[in-house]
Amino acid sequence: MSEPVVTEPGVAQPDVEPGTSKPGGGVGGAAAGARRTRLSRRHREWIAAGLFIAPDALGLALFVGLPMVLSVVLSFFQVSGFGSYEFVGLGNYARMVDDPLFWDSMRTTAVYVIVLVPTLFVVSLGLGLLVRQRIPAVGFFRTLFFLPYVISLVVVGVLWRFMLDDQVGVVNKSLRAMGFEGHSWLGDPSTALYSVIAVFVWVMMGYYMIIFLAGLQEIPREYYEAARIDGAGPWTQFRTITWPLLRPTSFFVLLMSTVAAITGGFELIFVITEGGPANSTSLAIFYIYQQAFIFGEYGYASAMGTALVLVMIACSAVIFKVTRGGRFDDGS
């Protein structure tokens with residue numbers, strides 16, 4: 001150990017390490033290096049966000065993204081059950097174009113979407129406006145309207161299949177009690193699809209009601225109070241206040257209900273009508289199920305599934321374009 005350096009009589013200075021200009025330069029240099037390598041706050045936030053998103057992103061990639069990619073690959077093969085794979089190129093797509101039952105299912109799906117989405121939108125918005133009012137037992141009514149959504153679709157299908165039965169169904173019994181004739185709601189091809197649509201609206205209206213209610217509660221009540229002072233009636237208030245400020249919520253409901261109508265409804269169709277009568281309720285998603293799991297045509301079903309996804313993407317793009325991403329055409 002080196003001797004202390006004495007500069008003044010009786011005063012000892014600390015040792016200075018070789019190669020440093022300050023006392024204790026080795027420790028100070030290490031601390032400065034640690035400070036230089038410490039991550040900034042922005043980088044730490046990005047890392048934290050990535051860690052939070054990673055589990056969901058991984059699950060989405062494994063259980064949604066990977067099956068979609070494999071389905072596209074499978075659409076180029078002829079698969080017979082669990083047997084051999086034969087590459088057929090675009091053969092499955094050519095078969096799809098020439099399949100009249102596929103186009104019938106697409107037309108049925110188009111009618112299903114065109115009728116279901118506006119009906120569900122209007123009913124859900126009306127319920128949202130209703131349960132936003134300060135009325136007695138409003139919490140009870142919110143729960144009552146939302147309750148069908150938490151019930152399993154299989155249970156809902158069994159329930160409504162019994163209620164719409166020709167002979168013992170409560171719907172026909174109620175009609176006969178009021179002096180009307182009963183009707184074969186699920187046995188008549190002209191009413192079967194609309195019966196399923198009515199059931200789907202009954203199931204989903206509570207969910208979208210909650211979404212509309214959340215959007216409505218973001219609108220300050222002071223706007224309505226000022227409008228009432230100016231003499232605006234309920235319709236004027238809705239047209240000038242509610243609808244413009246509810247457009248982002250309306251866009252979300254419109255987009256999600258359209259996607260649900262195109263790719264959903266399988267459980268209700270399977271339980272209530274099984275695609276009948278006379279294929280009048282055979283949606284595209286149900287026809288794809290039949291080809292895959294009843295006839296074992298996995299390659300052909302994958303080709304139709306790919307086409308259906310492309311249709312869904314196209315419809316979503318049209319909604320984005322028409323509504324300008326939720327802003328609609330407000331002239332701004």
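## Nonpolar core

In this predicted model, the largest nonpolar core has 60 residues. Tyr112 and Leu116 have the most contacts inside this core. Helix 8, residues 189–217, gives the most to the core, with 15 residues.

What does Tyr112 touch, beyond residues up to four places away in sequence? The list runs to Leu193, Val196, Ile197, Phe200, Ala261, Gly265 and Leu283. Tyr112 also belongs to the helix 4 side of a contact with helix 11. Leu116 is part of that contact too.

## Overall make-up

The chain has 14 helices and four strands. Of its 332 residues, 34% count as buried.

## Helix 4 against helix 11

Helix 4 spans residues 100–132, and helix 11 spans residues 247–263. The two pack at an angle of about 150°. Their axes lie 9 Å apart. Helix 4 passes helix 11 in a right-handed crossing.

Helix 4 brings Thr109, Tyr112, Val113, Leu116, Val117, Leu120 and Phe121 to the contact. Helix 11 meets them with Ser250, Val253, Leu254, Ser257, Thr258, Ala261 and Ile262. By class, these residues divide into ten nonpolar, four polar and no charged.

## Phe212 in helix 8

Phe212 is found in helix 8. Is Phe212 buried or exposed? Its relative accessible area is 0%, so Phe212 counts as buried.

Which residues surround Phe212, leaving aside neighbours within four places in sequence? Phe212 is in contact with Phe121, Ser124, Leu125, Leu246, Thr249, Ser250 and Val253. Phe121 also takes part in the contact of helix 4 with helix 11, on the helix 4 side. Ser250 and Val253 take part on the helix 11 side. Phe212 and Ser250 are 38 residues apart along the chain, yet their C-alpha atoms are separated by 7.5 Å.

## Helix 13 against helix 14

Helix 13 covers residues 284–294, and helix 14 covers residues 298–323. Their axes are 7 Å apart, and the packing angle is about 160°. That angle makes helix 13 roughly antiparallel to helix 14. The crossing of helix 13 past helix 14 is left-handed.

On helix 13, the contact is made by Ala284, Ile285, Tyr287, Ile288, Gln291, Ala292 and Phe293. Helix 14 supplies Tyr298, Tyr300, Ala301, Met304, Gly305 and Leu308. Eleven of these contact residues are nonpolar and two are polar, with no charged residues.

## Helix 9 against helix 10

Helix 9 holds residues 221–229, and helix 10 holds residues 234–245. Their axes come within 10 Å and cross at roughly 165°. Why is the pair called roughly antiparallel? An angle over 145 degrees counts as roughly antiparallel, and the crossing at roughly 165° therefore makes helix 9 roughly antiparallel to helix 10. Helix 9 passes helix 10 in a right-handed crossing.

Tyr223, Tyr224, Ala227 and Arg228 make the contact from helix 9. Gln237, Ile241, Thr242 and Leu245 make it from helix 10. The class count for this contact is five nonpolar, two polar and one charged.

How values were computed: Residues numbered from 1 in each chain as written. Predicted model: local features only at pLDDT ≥ 70, side-chain atom pairs only at ≥ 80, totals over all residues. Heavy atoms only, no water. Axes fitted to C-alpha atoms, helices over the stretch in contact; angles between N-to-C directions. Parallel < 35°, antiparallel > 145°, perpendicular 65-115°, else oblique. Left-handed = near helix turned anticlockwise from the far one by under 90°. Contact = heavy atoms within 4.5 Å. Nonpolar A, V, L, I, M, F, W, Y, C, P; charged D, E, K, R; others polar. Core = buried A, V, L, I, M, F, W, Y, C linked by side-chain atoms within 4.5 Å. Buried < 20%, exposed > 50% of the residue type's maximum accessible area, 1.4 Å probe, protein only.
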